[in-house]
Amino acid sequence: MNRREILRTGSLSTLGLLATQTFQTARAQARTAGANDRIRIGIVGFSDRLNSTLLPAYKAVANQFNCEIVGVSDLWSRRRDDAKAYFKKNFNQDIETYRNNEELYEKAKPDAVIISTPDFAHATHAIEAIKAGCDVYCEKPFAETMEDARAALKAVRSSDRILQIGSQRRSGENYTAAHDFLKSGKFGPIVAAEMTWNVNQPGRWRRPDLVAAIKEQDTDWKRFLCNRPDDQWDPRKYLEYRLFWPYSSGIPGQWMCHQIDTVHWFTGLPHPRSVSANGGIYQWKDGRKNFDTLTAVFDYGPLDDPSTGFQVNFSSRFSNSAGGTKEIYYSNGGELNLDTNKVTSNGGMTREEASAMKLQANLLAEFKLEGSGGAASAANMGADPLTTAHMKNWLECLRSRKEPHAPVEAGYQHSIATIMANAAARTGERVTFDEKTQEVMAGGKVFHF
């Protein structure tokens, strides 16, 4: 509803909403750095991902944009101490630390924040940041429930804040080249895609030394739980949350969301039409609740035309790394391989076959995509090229106020696919998405944790 319609209808509730949004916009504008002002950035969650990758990526490009880190919020006292030591060593800076996000926003007054908290809290912390008038770099997955996803999408869309989702493939030269090639039509219609993410890393997502060291009195367990059900103190759920639903979906939220995001980006499709999946804990019997092996099959295509589309197969296992991390798109003419960065006629119809069948062949000449690839999958990657480029794009957008490479809609869409896969694997049902209610449906019921 625009202002003219508001004045015409005279709706008090709508006028109240407008007043609230106007106030929030004014507060946000007051927080927006000018062209030459220093951008003050806060850290929400001093995580392994932050100190091993996000901060090195930030450090590599920050000087170009006149930025500074002004404070770190973390619930655990040890993480706050770690942050002080890290910034002294790597930035020669005495950083201020805060026990929670309220303290960070009240005392440090950042213009923007980098969020790297547990998976289930990303959306909530993004909403907090937007309400505080901050721009946001938010690690993926954006949300693990549709309720969180809808709330965060609404908060961002009703503001003028810049939010970048940590889907760093969208800043990769080779992925951009693949996107542009597919959009050109030269590849032909996608008929299938195969995606794998296989590792053999017994310690992945495990933190036994930290689990033994943490004490409940040194953190804020109730605040950690955020909007999840009340639960007794559990150091494993606090530090190894990726192994436990509903704190993380595990494989779908950590790995699959990266690869499935490229499907949405390359095709413009907002989410799968349906998903079937299964998995299990076949190797690592360590008390985890999230699967160590998962296979999901997605049906993609126009939402209003079931007669056309394609299938995406995603599989992942922790127990054997054969096959590695791969993303391959297929057409009737060949394949686009984002592991080798090549487009080839592999598996495609030949000119002779097409002639014999009196068909028009979509013949592909082999060439290499521009840029390097594929994506790294190590536990600690350092300032990898994709993340560094993605962080640079965010900082550029803080200055230009242009839309970043991975806006909030990208996070919302990968959240739908992630939640659908998680629901399918946990319920055994064929899962769909209700466009009207924006809910994931499993066996005709809304999927909840």
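Reader: How many bridges join strand 9 to strand 10?

Author: Happy to start there, with the reminder that this is a predicted model, in which local features need pLDDT of at least 70, side-chain atom pairs count only at pLDDT 80 or more, and totals for chains, interfaces and linings use all residues. Residues are numbered from 1 along each chain as its sequence is written, and side-chain values use heavy atoms, with hydrogens and water left out. Strands (E, at least two residues) and helices (H or I, at least four) are DSSP runs numbered from the N terminus, and two strands pair if DSSP finds at least two bridges between them. Strand 9 and strand 10 (residues 310-317) run antiparallel, and the number of bridges joining them is 8.

Reader: Which residue of strand 10 is the bridge partner of Ala296?

Author: Ala296 belongs to strand 9, where Ala277 has it as bridge partner. Strand 9 (residues 293-300) is also joined to strand 8 (residues 274-280), antiparallel, by 7 bridges. On the strand 10 side, Ala296 is partnered by Phe314.

Reader: Is Trp205 buried or exposed?

Author: Trp205 is found in the loop between strand 7 (192-198) and helix 9 (208-213). Contact means heavy atoms within 4.5 Å, and beyond four places in sequence the contacts of Trp205 include Glu240, Gly250 and Phe318. Buried means under 20% relative accessible area, exposed over 50%, and partly exposed in between, with a 1.4 Å probe and protein chains only. At 5% relative accessibility, Trp205 counts as buried.

Reader: Which residue lies over the face of Phe318, and at what distance from the ring centre?

Author: A charge sits over a ring if NZ of Lys or CZ of Arg is within 6 Å of the ring centre and within 35 degrees of the ring normal. Lys59 gives one case, with its charged end over the ring of Phe91, 5.2 Å from the centre. For Phe318, the residue is Arg288, at 5.6 Å.

Reader: What kind of aromatic pair do Trp221 and Trp233 form?

Author: Rings of Phe, Tyr and Trp (its six-membered ring) pair if their centres lie within 6.5 Å; planes under 30 degrees apart count as stacked, over 60 as edge-to-face and the rest as tilted. The structure holds 25 aromatic pairs. For Trp221 and Trp233, the centres are 5.4 Å apart and the planes make 85°, so by those cut-offs the pair is edge-to-face.

Reader: How many of the 20 residues of helix 15 are buried?

Author: Helix 15 covers residues 408-427, and Gly428 just after it takes a positive phi of about 75°. The helix is mostly covered, and its count of buried residues is 16.

Methods
Expected span 1.5 Å × (residues − 1).
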